[in-house]
Amino acid sequence: MDTHLTKLYSDAFAGWELLLKNIAPNALHDSRARYDAPKCDEDTRLEVTGEIMDWIQDRSAPQRLLCMTGAAGAGKSALQQTVAERCAKSDILGAAFFFSSADPTRNRASTIVGTIAYQLGLKHPLFQSSIVAAVKRDPLIFTRSIQSQMEGLIVLPFKNLRMNTVINTNTFPYVILIDGLDECKGESNDTATQGEDRQTELLAAIRHCILDSDLPFRFFIASRPEWAVRTALEPGGHLHQVAYCIQLSDKYDASGDMYRYLQRRFEYIGLQIADSQWFSEDNINTLVEAASGQFIYVATVYKYISERRASPAERLKIILTWTPDKCQRTRPFEALDRLYAIILLAAKNAYEAVDTHHGRNFLLLFKAHQLCATGLHFDPTIIIRPPPDLLSALLSLEARAEESLISDLRSLVTLEKDEFGRLRLRLYHKSFSDFLEAESRAQALFVSKSRILTHLAKCCMRRIIECPLDFNSLPDKWNKLSLPVLYRRSLIEAIDDLPLFLNSAPAIDDEVICFAQNDGWQKLNNLLPLLYCLEGWLFGNFDKWINHLAAFSDKLKTQQPEAAATINEFVEKWKSEKTEWR
């Protein structure tokens, strides 16, 4: 063979070999590592897959980036896999990259451009030769920024291909799919914040290299609505006006799809065990309702029920009657719990790594918000449910602290306004609430209700003690107190709730003694008439309020008789003076 040709082949082989060392084979849509990847049944998710495919096939549409966001377990990866297979069958799939935080070979940003370039290179030899030339020209290209890699390995090769008049580039596969962007964690030693930076860098590179050019590629990205994606898409974000958005959690009700998913699989099990009556329609409806829109829930249920060497009927019964008992060996929701634990732990680490959050307990604060969102019940008529901003103030956190608290949990919870215009925390899935409230499921991430009540009781006492008022010269009306509005509201909440929290909190004796030593009861004595005359919650529930405080005093007698006697004196005083306050 001619020496020159030999060298060309050798250089090409070396360039392609270097590329292969910088890709993630497991991230391909049809990789062996992703064998039997979840995808949609033919008669499910028809509306959303139809919308996605319409967007992909309408090449004249101005928006060439589709961002699909949705809660954890909403079925984003299954939709991506379905779309990938359809596009591959239609010969329009250019490349796909499926991130996975659990797979170290495909949870990094450093391999995504090389992997996409590899797949595009397989579509045409001239594209491949341009990639090889780029690698030969700069063997360190894989250490460059994502934008530099994208320009050298995707943009320039396609421009070279377009200059060849023999080739019709309009027929070149143009769809590029990226799944699970939120699971891109940067490099192995990167912090959570650095991982978010890599996600942001990738989105910026796509905007600069693809959307701001005349290249024909259409990108479809699926992700949980975490920080990098959320800030890029919201008003003011650099993708807000150029991206077509689909929000699974808000727009699509998948209940019917989940029903059909389970019905088909349960019927198949019935054929296997020769018993078509082993389940009922009510069983499926119960499971779909429990799923709260989570496809991963019904998929987990089916996987558990269909395991080999197990009775489907018995396992279905376990699912329907299962309660989180420490002694139970059965863990039907193990896969779901693992997902929740990964998200919650990542959010905890990211929150506590912020210097201004030093010393805070993320799990304690979030669980307080979660319990108050659902309501703390003290008797059939007393339910405490302070809005998030008020609770944050009571917890002595900065303004809008609730937003930073859930910043990395947007795939599981959201802040939204209720029918009265008040901000409320909402959990997308009941199963997440079940996870948080069961120690056998949350394990190391579990925070007990008693611990929350104890912390809230401490916060109420601290709010009263640290109140920056001159208690010797208070005004004659509550609304005249020289306090910011939110502080005044949180002080009301502290006074209203204190007896309820004290009476429900274990091991609070030392804090109660400290409260007395700092004139807490006397300060409360000065504030109580003003608050009572405001004719708010305390006015209508004073007897219950005082009875809870008296009950706490009785419980305190044995261990701290002096502290109990002090409380009891104020209880009797307030009972007798109540009529004079008006």
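Are Arg45 and Asp257 buried or exposed?

Author: Before the answer, a word on the basis: this is a predicted model, in which local features need pLDDT of at least 70 and side-chain atom pairs count only at pLDDT 80 or more, while totals for chains, interfaces and linings use all residues. Residues are numbered from 1 along each chain as its sequence is written, and side-chain values use heavy atoms, with hydrogens and water left out.

Arg45 is buried, and Asp257 is buried as well; here buried means under 20% relative accessible area, exposed means over 50%, and partly exposed lies in between, with a 1.4 Å probe and protein chains only. The two residues form a salt bridge in which the closest N and O atoms are 3.9 Å apart, a salt bridge being a side-chain nitrogen of Lys or Arg within 4 Å of a carboxyl oxygen of Asp or Glu. Arg45 lies in the loop between helix H1 (3-20) and helix H2 (46-57), whereas Asp257 belongs to helix H10 (residues 255-273), so the pair ties together parts that are 212 residues apart in sequence. Helices (H or I, at least four residues) and strands (E, at least two) are DSSP runs, numbered from the N terminus.

The structure holds 26 salt bridges, and a few others can be set beside this pair. Asp41, Asp43, Arg264 and Arg265 are linked in a network of such bridges. Asp476 and Lys480 also meet through their side chains, at 3.3 Å from N to O; Asp476 counts as exposed because its relative accessibility is 56%, and Lys480 is likewise exposed, because its relative accessible area is 51%. In a further salt bridge, the side chains of Lys557 and Asp554 come to 3.5 Å, N to O, and here Lys557 is partly exposed at 46% relative accessibility, as is Asp554 at 44%.

The buried residues of H25 include Phe542, Trp545, Ile546, Leu549 and Phe552.
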